[in-house]
Amino acid sequence: MYTNLTQHAIFLCWHKREWVSPSHGIRFGPAYTVAVATLLIMVRPTYVMLKIGKQVDRLQDPWCSSMYACTLLGYFLLGFGTLWAADVWTKFQRLLQSDAKDV
């Protein structure tokens, strides 16, 4: 599921964000953010699968806490990258400007 979101973010950046900027980092920034988020989110499920298969030992507290931190950071970056790829901020600004003109 997360890799599909990454593919969709790349598609949006490739086709829909051509007008944004000639800079590669600005145009494909959302795709990179979603890709990093996918990697961070997949840390915990990968560990669980390895633990079930008895391939790794149980982690102690500092590593276990950092694994949860990776997952939370991944979800935050996933939301941020998705909103960035969909240009929600620009659409929200246009909505506020149109509401200000109506008043």
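Among contacts (heavy atoms within 4.5 Å) in the protein chain between residues at least 6 apart in sequence, 65% join residues at least 24 apart. The model is predicted: local features need pLDDT of at least 70, side-chain atom pairs count only at pLDDT 80 or more, and totals for chains, interfaces and linings use all residues. Residues are numbered from 1 along each chain as its sequence is written, and side-chain values use heavy atoms, with hydrogens and water left out.

**Exercise 1.** Compare the reach of helix 4 with its expected span, then find what covers its buried residues.

*Solution.* Step two: the expected span is 1.5 Å times one less than the number of residues. Step three: call a residue buried under 20% relative accessible area, exposed over 50%, and partly exposed in between (1.4 Å probe, protein chains only). Met-67, Thr-71, Gly-74, Leu-77, Leu-78, Gly-81 and Ala-85 of helix 4 are buried. Their cover includes helix 1 (2-16), helix 2 (24-41) and helix 3 (43-52). Just after helix 4, Asp-87 has a positive phi of about 55°.

**Exercise 2.** Classify Met-67 as buried or exposed, and list what Met-67 touches.

*Solution.* Met-67 lies in helix 4. Its relative accessible area is 5%, so Met-67 is buried. Leaving out residues up to four places away in sequence, Met-67 touches Val-43, Arg-44, Tyr-47 and Leu-59. Ile-41 sits 26 residues away in sequence, and 9.2 Å away in space, C-alpha to C-alpha.

**Exercise 3.** Find the side chain with which the side chain of Thr-6 makes a polar contact.

*Solution.* Thr-6 is in helix 1. At 12% relative accessibility, Thr-6 counts as buried. Leaving out residues up to four places away in sequence, Thr-6 touches Val-34, Ala-35 and Thr-38. The polar partner is the side chain of Thr-38, at 2.9 Å. A polar contact is a pair of N or O atoms within 3.5 Å; within protein, one must be able to donate a hydrogen and the other to accept it, and residues adjacent in sequence count only if both atoms are side-chain atoms.

Note on methods
Helices (H or I, at least four residues) and strands (E, at least two) are DSSP runs, numbered from the N terminus.
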